2 protein chains.
Amino acid sequence: MPIQEDFSRAELEVMRRVSGLPIDELALSVASNLWRASQLFKQKLEREVLREHSLSFSSFSTLFIIWIWGPIETREIAKSQAVSKATVTSLLITLEKHGLVKRKVSKTDKRLVLAELTSAGRTMVEWVFPKFNQGEADMAGILTETEQLELARLLRKVVAGFQISLEQEVAA
Amino acid sequence: MPIQEDFSRAELEVMRRVSGLPIDELALSVASNLWRASQLFKQKLEREVLREHSLSFSSFSTLFIIWIWGPIETREIAKSQAVSKATVTSLLITLEKHGLVKRKVSKTDKRLVLAELTSAGRTMVEWVFPKFNQGEADMAGILTETEQLELARLLRKVVAGFQISLEQEVAA
DNA sequence: ATTCAAACGTTCGATTTCAAATGATTTTTT
DNA sequence: AAAAAATCATTTGAAATCGAACGTTTGAAT
């Protein structure tokens, strides 16, 4: 991989350190910048938008998913957020404690627990989401619109690729 | 934004739900796929590579940073990982407990704490890193090489953009 | 119909995470 | 030089996170 001038000093130093090892440097670049971008994004949203409403990134994401999908099973939330079911249980307990979510056992299958928003929860999402989206727009605005479209496409392809390999694992 | 056929059902449903609201849908797409890709990546690496060595994603990242930068200050680790100093303290305590890291107070400035690898820590990084990188390559391999280069470039631009806005905050 | 296996959510213990408060040290101001 | 301000890592308390173990419920197999 050719050295490019837009590499950060940190990234250059990492590359210097691993050069000579049998390492896929391009994959390393993709992964480390993916992780770093996602963490900076999370940090920005928590500090600039969510903190004043006493919401963590995870709780807001959970609220948002429930807002989109109405009464939804615990396992579906877990899958959609790429977290464990245990984590979702924990998040729902906290959200319920704050009066934003209600849980009820499914009538047709008593193993399932359905989560839905309370009216306070709905108000919260509809109040916070536009500000959250403004934070998303701030990040995306670093790129041109063409670049944003391309970035979304590439990330979508990566996500879809993960999904396929997960399905294959389950099938195996 | 035109509806594209490679949208997941979930993404389409979200877009349907927010259509009509004054929302930047492209930014929403970028952000949600960025977050989802990063979480799937983390999950994959923890399950397929790190778990067998009793390492979390964060501990490995911390070990790796110390491996790259030799004796390094707590605050530098925090900055490079986009986590708080308190988190780094916690991670270093755990890593020290497992004999992978050693901490010592700086001689020139007694406020600073320097972290460095023990020989067990060095062995661990050099053993795990190639497998970790293989996981990175698995993800990157979902894309063509041209796409990988473009994704790395776009993410790098986003990261750099965050850095600039952070510097402006500090300066203000 | 009974037994067996699978699936679900929860609990448990350990780690990760953060903001705020704290104590120690250094730097700046007076 | 003394006092004040700034910086650093740590502690504290609360929440998020996971894998493993568990109890309940459902579906499948006999």
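Which residues does B:Lys102 touch, not counting residues up to four places away in sequence?

1. B:Lys102 and its contacts. The model discussed here is predicted. In this model B:Lys102 touches B:Glu96, B:Glu116 and B:Thr118, leaving aside residues up to four places away in sequence. B:Lys102 sits in strand β2 of chain B, which covers residues 101-105. One of its contacts, B:Glu116, is 14 residues apart from B:Lys102 along the chain, yet the two C-alpha atoms are separated by 5.5 Å.

2. The make-up of chain A. Chain A contains seven helices and three strands. Their order along the sequence is α-α-α-β-α-α-β-β-α-α. The C-alpha atoms of chain A occupy a box of roughly 60 × 45 × 30 Å along the principal axes. The radius of gyration of chain A is 20 Å, whereas a compact globule of 172 residues would have one near 16 Å. Of the 172 residues in chain A, 32% are buried. Among contacts in chain A with a separation of 6 or more, 48% are between residues 24 or more positions apart.

3. The sheet of chain A. The three strands make an open sheet in the order β1-β3-β2, with antiparallel pairing. The edges are held by β1 (72-73) and β2 (101-105) of chain A; each has a single partner strand, so one side of each has no neighbour in the sheet. Strand β2(A) is joined by five bridges to β3(A), residues 113-117, and the two run antiparallel. One residue pair can be looked up directly: A:Arg103 has A:Ala115 in β3(A) as its bridge partner. As a general point, strands of a sheet pair through backbone hydrogen bonds, either parallel or antiparallel.

4. How the two chains are related. Chain B can be laid on chain A by a turn of 180° and a shift of 0.0 Å along the axis, giving an RMSD of 0.1 Å. This is the relation of a two-fold axis. The same surface serves both copies, since 98% of the contact residues of chain B recur in chain A. In general, two copies of a chain are related by a rotation about an axis and a shift along it.

5. The contact between the chains. Chain B brings 51 residues to the contact and chain A brings 50 residues. On the chain B side, the elements that give two or more residues are α1 (9-18), α2 (25-50), α6 (119-140) and α7 (145-171). The most comes from α2(B), with 17 residues. By class, this side of chain B has 29 nonpolar, ten polar and twelve charged residues.

6. The surface near DNA strand C. DNA strand C is surrounded by 26 residues, and the closest are A:Thr74, A:Arg75, B:Ser58, B:Thr87 and B:Ser90. Two or more residues each come from α2 (25-50), α4 (74-81) and α5 (85-97) of chain A, and from α3 (57-69) and α5 (85-97) of chain B. Here α5(B) gives the most, with five residues. The surface near DNA strand C divides into seven nonpolar, nine polar and ten charged residues.

7. The surface near DNA strand D. Which residues are the closest to DNA strand D? They are A:Ser58, A:Thr87, A:Ser90, B:Thr74 and B:Arg75, out of 26 residues that surround DNA strand D. The elements giving two or more residues are α3 (57-69) and α5 of chain A, together with α2, α4 (74-81) and α5 of chain B. The most comes from α5(A), with five residues. This surface has seven nonpolar, nine polar and ten charged residues.

8. Two residues with positive phi. A:Ala82 is not a glycine, yet its phi is positive, at about 55°. A:Ala82 lies in the loop between α4 and α5 of chain A. Is A:Ala82 buried or exposed? A:Ala82 counts as buried because it has 20 C-beta neighbours inside 10 Å. B:Ser54 is also a residue other than glycine with a positive phi, near 55°. B:Ser54 is in the loop between α2 and α3 of chain B. B:Ser54 has 9 C-beta neighbours inside 10 Å and therefore counts as exposed.

Note on methods. Residues are numbered from 1 along each chain as its sequence is written. Chains are lettered from A and ligands numbered from 1 in the order in which they are written. This is a predicted model: local features need pLDDT of at least 70, side-chain atom pairs count only at pLDDT 80 or more; totals for chains, interfaces and linings use all residues. A residue is near a molecule or strand if its C-beta atom, placed from the backbone, lies within 6 Å of it. Helices (H or I, at least four residues) and strands (E, at least two) are DSSP runs, numbered from the N terminus. Ala, Val, Leu, Ile, Met, Phe, Trp, Tyr, Cys and Pro count as nonpolar, Asp, Glu, Lys and Arg as charged, and the others, Gly among them, as polar. Copies are superposed by least squares on the C-alpha atoms of residues with pLDDT of at least 70 in both. Two residues are in contact if their C-beta atoms, placed from the backbone, lie within 7 Å. The radius of gyration is taken over C-alpha atoms; the globule rule is 2.2 Å times the number of residues to the power 0.38. A residue is buried if 20 or more other C-beta atoms lie within 10 Å of its own, exposed if 12 or fewer, and partly exposed in between; C-beta atoms are placed from the backbone. Two strands pair if DSSP finds at least two bridges between them.
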